[in-house]
Amino acid sequence: TGARRVRRIAVWGAVGVLAVLAIAGSFVYTEQSSFCPWCHEMVPYYQAWRSGGHASSAQCVDCHVDPGLLAHIAHKPIALKEVWDHFFSSPTFPNYSVDIPNSRCERCHANVTTNTGALFSHAFHETKATCKDCHATAGHEVSLQSLSDAGVLKAAATRSEEHTSE
């Protein structure tokens, strides 16, 4: 009957709206830095970020994901791989494979290449290295001890590598 059809459409419409809201809510929630330490291996990085200078001005995704909705959606499969690794492998750190392109730094530090000191020019060095090459710990300076305490220290890590974090 017509009433039954309308009711069925209303129920499935409500289910659809709830599904969209759940997906959107999870998307927003997983973009927050407070979500990162749910995986124990990220706790040292989260704690270092919280005590660092970027905590008041940048979320983890600001540095680790390109800007824009499409880039954030495209990053979700990468994040799901990290969740998979959390449950089914033993991730260890420091991990030097994280790519942080200069463009992510320059979103907040746009004029850094025009600022030069008496002995240093970012504009000159920009042609020789990436921001991450010199400022690897800018977002979170994580010690080997904190990685060891969390049980995620890579066996081959040494003190000389401590200056570079993820």
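Modeller: We take the cysteines, then the pockets. This is a predicted model, where local features need pLDDT of at least 70, side-chain atom pairs count only at pLDDT 80 or more, and totals for chains, interfaces and linings use all residues. Residues are numbered from 1 along each chain as its sequence is written, and side-chain values use heavy atoms, with hydrogens and water left out.

Biologist: How many disulfides does a search of the whole structure find?

Modeller: A disulfide is a pair of cysteine sulfur atoms within 2.5 Å. The search finds 0.

Biologist: What is the volume of the largest pocket?

Modeller: On a 1 Å grid over the protein atoms alone, a pocket is an open set of points where a 1.4 Å probe fits, with protein on both sides within 12 Å along at least five of seven lines; lining residues have an atom within 4 Å of a point. The volume here is about 1300 Å³. The lining has 41 residues, with Met-42, His-75, Ile-78, Ala-79 and Glu-82 nearest the centre.

Biologist: Which residues lie nearest the centre of the second largest pocket?

Modeller: They are Cys-105, His-109, Cys-131, His-135 and Ala-138, out of 35 lining residues. This pocket holds about 720 Å³ of space.

Terms used
Grid points are joined across faces, edges and corners, and a volume is the space filled by probe spheres set on the points.
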